[in-house]
Amino acid sequence: MAAPPSGKVVYEQEGVFIHSSCGKNDDQDSLIAGILRVIEKENEVVVDWRPLDETLDTSNILCAGKDSSSVVEWTQTPKEKCPRGADRPSSYEAEWDMVTTVSFKKKPHSNGDTTTHANGESKWSFLFSLTDLKSIKQNKEGMGWSYLVFCLKDDVKLPALHFHRGDSKLLIKCLEKHIALNESPHDERVLLVKTQKSLSQSFENLFDEPSYGLLQKWKKDPYIVTMGKFSKVTNYIVGSLRSSDPSNQRRPPSEMADFFNDTIPGLKINQQEEPGFEVITRIDLGKQPEVSRREPVSAEEWAKNMDSEGRILDVDYIKRLIFKGGLCHTLRKEAWKFLLGYFPWNSTKEERANLQKRKTDEYFRMKLQWKSVSEEQEKRNSRLRDYRSLIEKDVNRTDRTNKFYEGEDNPGLILLHDILMTYCMYDFDLGYVQGMSDLLSPVLYVMENEVDAFWCFVSYMDQMHQNFEEQMQGMKTQLIQLSHLLRLLDSGFCSYLESQDSGYLYFCFRWLLIRFKREFSFQDILRLWEVMWTELPCQNFHLLLCCAILESEKQQIMDKHYGFNEILKHINELSMKIDVEYILCKAEAISMQMMNCKHLDVKDEKVAFELTVSSCCGGLGDTFGDPALYYASKFQVFVDFQVFSGLIVHF
C-alpha cells in the first residue's frame, strides 16, 4: 500500500469505520477500522482514509446486524463461514451497549512525512483533494453513529465513514477552514461545496465566540486575546485560516501555578513538561465515612406519616426513610406516584381520586387518536409508522424473562405497547426512541394499571427527556459532569483513564441513558430508582453512583493495566454482578466525604469554584468529541455546592 502523502496533518481521527459486506451473512456488515486524516500539502489539502491494519483477520472484524436503523446487534465473525443466524445473539443490546472493539495501535507520525504501510495497496484506502469534493452527506442526528459520505465532482460516491469514537462535526469544522460548505436547499443532511468562500462570511466566522466570553478573556489577558484574534485575520489574508501556535500564547507553568494558588487556597498545580495543558490536582478529600442502610419503609411507617385526609405529614422525613432503605413492595404502587410527581405530596386522598379520574379520561382520548388511524392513513404518515415499527420490535424483547412479560400474547406486552404508542401522541415531537421501553417496564410492573403507569412514565420522561432528544445534549452534559466529578474525587484514576483513551467515559453511556436498567437485576432496579427519585442527597445522585461503581473497579483496572478495549469489556461484564446495597452505601459515603472535607468551603449559601487552565481560545463544550482537543485547549471544572438537607451537589 502506498504511503500517505507527505505534508502537515491538521486533523486525525481513529475509530473511523467502513461498514462493508463481509460475505458471510447477507444481513451483516463487517466493520473495517481505519484512520482518517486531513493533510495540508504545499498546493492543496487532501483527505486520506486507510485501514489501521492492512493484515486484517476476519475473526477480528465485528459485524453489525441490519435488523433496524437504530438497533444494532453485535456478533464476532468466525474465520469460517457461519450458517445464517447461527450465532446471532438473542439479546436486545443496542448500539450504545458495550461491545468488544477491534484492537489497534496508533501509528505515530510527525507533521512531516507520514508513516508507510508495507502490505501493498488496500482496496479500501482512498484519498482525494478538497478541490475535487462536490458534497458531503451526513446522517440524521440521533440515528445511530454519525457518518459522512463524500461525493466527488465526477459523481463518484466514496464509502460511508462511520465515526464510532467521536463526533464527525469536528471534521466538518476542520474542512470549513479550507472550503465553504452550505446546506442543500433540497436535503438538510447534504452540505454543498461552494467554489469560493465569501469574504464577509469568513470574517464573521473569525469571531465566532460569544461577546461576553471574549470580553472576559480580554480582561484576563488582553495581549494574548487581541493578538490571537488578529492572527486569524492575518492568516485569512495570506490564505490560511490556521490558529496561531498555542505554545506561543501559553503563559509559563510557574506563573499559572502561582496565579491559581493565590486565587484558590488548597489548589495544587502539577507542572508538567507535556505541552498544551497543565494538570489540576485536588488535595486529599479525606477518608470516606462508614455508611449503613436500614430496612425498607413498611406500610405501618407510611400510614403513620399520613393525616386523616390522606396528606403526607412530613415529606422530608419520608424521603429520608426511602433514601436510606427503599420501600417494601406493597407500598411501591402508591409511593412511586408521589416520588415521580404524578401525585402532589400535599394532596388529599379525595384530590388524588379526582386527579386520577381526569387523567384517565385524558389518557384514553390520546389512545383513541392512534387506535383510530386507518391503514390507509398510516401509509401517509411515515413518522407514525416508524414509531410503531420500533415500538413493536422493542416491546417483543423487553424483560421477557420477567414473569410479567414472558410468553406469547402476554397482556403485559400489550399494555407496554399501548402505553408507548399513546406516549407518541402525548409527545409526538419526541415520539419513541430506543431505551424508553426499558424505563417504562419497571413502572408498569409496579403499577399493574395502564393509566397510572402511563402518567408515572410521563413524569419520569420529563426528567429523562434530554437523554432521548436528537442532539442528546443531556447525555453530553452528564458525561462532562461525570468527568469533572471523577477528577475531583480521584485525579489519579482519571489520569489513568485518559492515558488509555477512556477519559471521556463513553463506557458509562448506557448507565446514564437508562439509569442503570441493564446493570442491575430487575428487583434491584426497583430499589435503586426509588432511592434516586428522592433526590437525596442531591439531584444528580446517579453521577455519584457512577463514581461509586468506577471506584470499586479502579484497583482491578489499574493493577491489571487495562487498556481501552479491556476497560470496555470489563465494564460491560459488570452487568447483573453489582451489589446494589453496597453501591448505594458507597455513593452516599462519597457525598458525605465531600461534605466533610474541610478544604471545600461549603456554606449555607451557594458556593462556586471555577478552575480554568487556558492555553488558547475555545471551550470544553466545543471540543467534547475529541480527546486531543479536550486536553490541549481548555480544562474547566465548575463545581456548585449547596447545603439543603445535608449536602446538595450540582454539576
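Reply: Buried means under 20% relative accessible area, exposed means over 50%, and partly exposed is in between, with a 1.4 Å probe and protein chains only. By that rule Glu551 is partly exposed, because its relative accessible area is 29%. This is a predicted model, where local features need pLDDT of at least 70 and side-chain atom pairs count only at pLDDT 80 or more, while totals for chains, interfaces and linings use all residues. Residues are numbered from 1 along each chain as its sequence is written, and side-chain values use heavy atoms, with hydrogens and water left out.

Me: Which residue forms a salt bridge with Glu551?

Reply: Lys586 does, with the closest N and O atoms 3.0 Å apart. A salt bridge here is a side-chain nitrogen of Lys or Arg within 4 Å of a carboxyl oxygen of Asp or Glu.

Me: Where do Lys586 and Glu551 sit in the chain?

Reply: Lys586 is in helix 22 (residues 580-596) and Glu551 is in helix 20, so the pair links distant parts of the chain, 35 residues apart. Helices are DSSP runs of H or I with at least four residues, strands are runs of E with at least two, and both are numbered from the N terminus.

Me: Is Lys586 buried or exposed?

Reply: Lys586 is buried, because its relative accessible area is 15%.

Me: How many salt bridges does the structure hold?

Reply: The structure holds 30. One of them joins Glu530 and Arg527 at 2.6 Å between the closest N and O atoms. Both residues lie in helix 19 (residues 522-532), three residues apart, about one turn of the helix, and both are buried.

Me: What about Lys304 and Glu300, buried or exposed?

Reply: Both are exposed. Their side chains meet in a salt bridge of 3.6 Å, N to O, and both lie in helix 7 (residues 299-304), four residues apart.

Me: New topic. At what angle do helix 20 and helix 21 cross?

Reply: The axes of helix 20 (residues 541-559) and helix 21 (residues 564-572) cross at roughly 135° and come within 12 Å. Axes are lines fitted to C-alpha atoms, for helices over the stretch in contact, and angles run from 0 to 180 degrees between N-to-C directions.

Me: Which residues make the contact?

Reply: Leu550, Glu553, Gln556 and Ile557 of helix 20 meet Ile567, His570 and Ile571 of helix 21. Contact means heavy atoms within 4.5 Å.
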